[in-house]
Amino acid sequence: MSALGGPKQTVGVQPPTGMGLVVSIVLIVVALALAFYLVQMAGVLAVIGIIIGGVLIAFGVHFVPVGGAPAAMGQAPGIATGVAMLAAGAGLAGLFGGAWAAPFGLAVALAGGAVGGGLLMAITCTMVNVIYIFGMGIPAASGKVAKDPITGDTFPEYKSQGTEGHGLPFISWVGGVIGGALGGLGGTLIYLELLDIYQAQLPIILNTTVEQIAPVAVSLAGIFAVGMFLVNAVLAAYNITGTIEGPHDPKFKRFPRAVIAAAAASAVTGIFAIALLRLIGGF
Amino acid sequence: MSVKVEVGAGGIPHNQILIYGLVGSLVLIYLTYLNTITGTLYFSFFGGLAAVAALVWGTDTIKHLCSYGLGTGVPSAGMIALGSGVIAALFGATTGIFAPITTIIIAAIIGAVAGLMANNVVRMNIPVMVVSLIELAIVGAMTVLGLAAMACGTFEFLGMITGTTVILGFVVQTYEASLIGGSIVAVIFMLGAIAIQHSFNACLGPGEKQDRTLTLAAECGFLSMITVAIISFAFIGLLPGVVALLVSVIGWFYTYTKYIALSKRDAYAWLDAQPILEPKGGA
């Protein structure tokens with residue numbers, strides 16, 4: 001959904017301001033230094049993992065075809081809901097997949113997260129086209145490009161008058177699956193990094209066994225991962241402003257801004273998630 | 001295709017609501033500390049009331065922010081509020097009696113970073129962005145902390161991760177049957193997120209009135225409180241749970257009746273309809 005009177009962002013790509021870049025770099029460096037001070041090398045690695053996860057989420061969100069309210073009325077291609085909701089759906093599905101696979105090691109868990117997120121987007125994108133084609137009787141056509149970059153299908157002759165296109169062309173479907181996979185991968189990476197730290201530190205702080213504290217570690221890592229996921233997804237949504245068709249959309253080129261913003265935001269939220277350990281039992 | 005976000009003029013100034021919301025939620029959440037002082041659990045419901053105060057304030061902030069046209073859906077503001085809020089709330093909870101104050105400070109830091117990133121890196125260029133995201137992060141944090149305090153009777157981290165369970169007649173302390181160990185915090189997260197993002201989204205458009213929107217926010221808050229009151233039976237026992245449930249239901253019923261009355265008032269004013277006058281003494 002876009003609003004009248006809002007900032008004009010469609011013309012050109014405004015690069016980040018100098019101050020914005022400096023603040024981002026300073027925040028990331030400070031977060032890494034604090035992590036080293038608090039939990040030594042494990043903390044630095046965790047914060048780096050969290051930053052990579054946040055960047056993957058923000059980048060992945062740009063692949064997801066979002067149609068918003070216009071898509072619900074068949075006036076724009078994409079899935080008929082907002083960026084944050086779609087990202088949350090894909091990312092949380094991925095997170096659940098990854099969390100389930102966590103005991104099988106990092107590689108399997110990350111793959112599980114990516115497959116979970118990708119699968120959710122694949123099912124959603126397919127169902128969108130089923131509803132468009134069999135329910136509303138309109139073929140999938142993009143309004144941003146004349147030809148599908150993958151299949152070579154042409155769009156203008158299928159695009160209804162007065163619309164920005166409709167349905168989900170194949171390139172948008174592929175974009176959605178890639179976006180879901182990247183989101184799930186990023187969310188799972190954040191979860192696993194936090195889980196490692198909590199499982200290593202909480203038993204020492206609270207003087208318990210790893211098994212006893214496992215529910216707390218899992219739940220804390222999970223809720224922090226969800227929180228960071230939403231912060232990054234919304235920053236990416238602000239970058240997209242409204243609708244995007246997928247990787248072929250001109251708005252896709254804006255992704256570097258969201259990547260920088262997500263890196264800084266993840267570093268700051270990540271350091272609080274880790275610093276929490278130093279305070280438990282201290283008060 | 002764009003949807004115009006119209007915000008009704010007039011009503012209580014935003015800064016006044018900010019002060020009421022901030023001070024109100026802080027005082028109300030500290031009232032749950034009466035539990036620790038008196039050694040009972042009857043004062044848990046004050047946490048829920050703190051969440052309601054924060055939600056009313058947050059809804060007005062969303063209204064204030066979205067009047068500039070975000071270019072993305074209203075719910076995304078609610079998602080970033082709770083996403084950054086849950087991190088601040090759980091971090092703040094580890095500081096014992098200072099929890100609510102620490103939570104506010106940490107939430108303000110995370111909100112400021114998100115706001116700076118949104119304005120200077122993503123280039124939203126919205127004048128109130130930084131202030132609004134700080135406010136929203138505090139609202140999200142106070143909502144989570146308030147509802148969590150209502151569910152388990154304390155806003156302290158150790159109280160949130162420890163619970164009791166009965167095994168063969170013996171009361172045993174366990175981490176699994178606790179607010180965080182049982183992942184109840186995820187439920188609280190979503191209850192807060194839905195409450196904060198719904199009200200303005202439902203009321204925006206022509207004829208939006210501040211009192212109606214804010215009444216709906218309070219109603220959503222009490223609705224979340226009802227669910228948390230039911231959850232709290234598991235942690236704070238039967239009688240305090242009944243007290244919390246009664247407060248929630250009475251609050252919900254009052255705000256719901258008021259909201260319906262305000263909706264009728266505004267629908268009548270907007271439709272320019274005339275009431276059908278019954279002839280005196282019957283037809």
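The expected span of a helix is 1.5 Å times one less than its number of residues. Helices (H or I, at least four residues) and strands (E, at least two) are DSSP runs, numbered from the N terminus. The model is predicted: local features need pLDDT of at least 70, side-chain atom pairs count only at pLDDT 80 or more, and totals for chains, interfaces and linings use all residues. Residues are numbered from 1 along each chain as its sequence is written, chains are lettered from A and ligands numbered from 1 in the order in which they are written, and side-chain values use heavy atoms, with hydrogens and water left out.

**A helix of chain A**

Helix α7 of chain A covers residues 255-279, which is 25 residues. From its first C-alpha to its last it reaches 37 Å, close to the expected 36 Å. Of the 25 residues of α7(A), 19 are buried, and the helix is mostly covered. Buried here means under 20% relative accessible area, exposed means over 50%, and partly exposed lies in between (1.4 Å probe, protein chains only).

**The two chains**

Chain A holds 7 helices and 2 strands, in the order α-α-α-α-β-β-α-α-α from the N terminus. Chain B holds 10 helices and 2 strands, and its order from the N terminus is α-α-α-α-α-α-α-β-β-α-α-α.

The radius of gyration is taken over C-alpha atoms, and the globule rule is 2.2 Å times the number of residues to the power 0.38. For the 283 residues of chain A, a compact globule would have a radius near 19 Å, and the 20 Å of chain A agrees with that.

| Chain | Box of C-alpha atoms |
|---|---|
| Chain A | roughly 70 × 40 × 30 Å |
| Chain B | roughly 70 × 65 × 30 Å |

Buried residues make up 55% of chain A and 57% of chain B. A contact means heavy atoms within 4.5 Å. Of the contacts in chain A with a separation of 6 or more, 72% are between residues 24 or more positions apart. In chain B, 70% of the contacts between residues at least 6 apart in sequence join residues at least 24 apart.

Accessible areas come from the Shrake-Rupley method with a 1.4 Å probe; for residues, only the protein chains shown count as cover. Chain A exposes about 10900 Å², with 72% supplied by carbon and sulfur atoms. For chain B the accessible surface is about 11200 Å², and 70% of it belongs to carbon and sulfur atoms.

Lys and Arg count as positive and Asp and Glu as negative, while His and the chain ends are not counted. The place of a charge is NZ of Lys, CZ of Arg, CG of Asp or CD of Glu. Chain A has 9 positive and 9 negative side chains, with the centres of the two sets 13 Å apart. Chain B has 9 positive and 11 negative side chains, and there the centres lie 9 Å apart.

Helix α5 of chain B (residues 99-121) has 23 residues and should span 33 Å; its end C-alpha atoms are 32 Å apart, which agrees. Because 17 of its 23 residues are buried, α5(B) is largely enclosed by the rest of the structure.

With 16% relative accessibility, B:Arg123 counts as buried. B:Asn125 is in the loop between α5 and α6 of chain B and has a positive phi of about 55°, although it is not a glycine. At 39% relative accessibility, B:Asn125 counts as partly exposed.

B:Val139 lies in helix α6 (residues 129-152) of chain B and is buried, with a relative accessible area of 0%. Leaving out residues up to four places away in sequence, B:Val139 touches B:Ala54, B:Leu55, B:Trp57, B:Gly58 and B:Ile196. B:Ile226 is 87 residues from B:Val139 along the chain, and their C-alpha atoms are separated by 19 Å.

B:Gln197 belongs to helix α8 (residues 184-203) of chain B and counts as buried at 11% relative accessibility. Not counting residues up to four places away in sequence, B:Gln197 touches A:Met85 as well as B:Val74, B:Pro75, B:Gly78 and B:Met79.
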